[in-house]
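Please open the model in your viewer and keep the sequence at hand. This tour goes from one selection to the next.

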Amino acid sequence: MVEPQSEPVFPVGFDDDALEEDLAHLPASAEVAVRSFSKELRRQGGIPRSRLMACQAEGRDGTRLPSCVKTYIPWPDGRFGAVFVAVTHPNRPMALRVVAFGIRHHPRGSTAQTVYEIADRRLGLRMARSERPE
Amino acid sequence: MAADSAATISAVTSRDKAHALLDHLPEERVDAALAALEAVEGRDTSVEAILARHGEQRLDPKEFERQFGSLPTDDEG
């Protein structure tokens, strides 16, 4: 009998400053969601691979998130989302660092940023018009 | 060169002084002073700064592809 293979679980870390900035612009339900997500991470020792999706290098929403992964909070269809970058550290195993937490979709006409727009801004990949090649 | 060094020392000294002053403020004024200090200093939440704060580097693209290349995508972001 073949033993089922357990899927990889990746350690996840938040950045206090970024999370604080994100929560400051979100409703109180966001803090409840992120606390519950953190509790789940502690229980599981990280996030299982099956709860991750690849971000788009060039999304239809205009965001550019190459080599980023994301999850929905709560899983599997929550209103919130987190965008991660995969990181290495000299003394720790490979992990995922949360670079943005926020709302996945705002109502039409809203000027608030989605979690993808926040991550895109923090990645800083957008070139100023003057820096773009002709 | 000398002017640059003087400017650097002056900036560091002012910042240290501001933090030291917090210790002498009455309790009821600490929150307001901290908020003002944060507003002035600003918090860098760029990915570069986030990773630097944690002593981390982004995973090598080849290794990223190996670990996450086959993940599903959706229609958003």
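Predicted model: local features only at pLDDT ≥ 70, side-chain atom pairs only at ≥ 80, totals over all residues.

**Stop 1: β5 of chain A.** Select residues 68-73 of chain A, strand β5. Are these residues mostly covered or mostly uncovered? Mostly covered: five of the six are buried.

**Stop 2: β6 of chain A.** Stay on A:K70 and turn to β6(A), where A:V83 stands opposite. Now select all of β6(A), residues 80-89. Six bridges pair this strand with β5(A), again in the antiparallel sense. The two strands form a hairpin, with six residues between them.

**Stop 3: the side facing chain B.** Show both chains. Here 31 residues of chain A are in contact with 24 residues of chain B. On chain A, α1 (16-24), β4, β6, β7 (92-103) and α3 (115-123) each supply at least two residues of this side. Which element gives the largest share? β6(A) does, with five residues. Colour the chain A side by class: 14 residues are nonpolar, nine polar and eight charged.

**Stop 4: across the chains.** Select residues 57-58 of chain B, strand β1. β1(B) and β6(A) run antiparallel, joined by two bridges. Finish on A:T88, whose bridge partner in β1(B) is B:Q57.

Terms used
Residues numbered from 1 in each chain as written. Chains lettered and ligands numbered in written order. Buried ≥ 20, exposed ≤ 12 C-beta atoms within 10 Å, placed from the backbone. Helix = DSSP H or I, 4+ residues; strand = E, 2+ residues; numbered from the N terminus. Pairing = 2+ DSSP bridges. Contact = placed C-beta atoms within 7 Å. Nonpolar A, V, L, I, M, F, W, Y, C, P; charged D, E, K, R; others polar.
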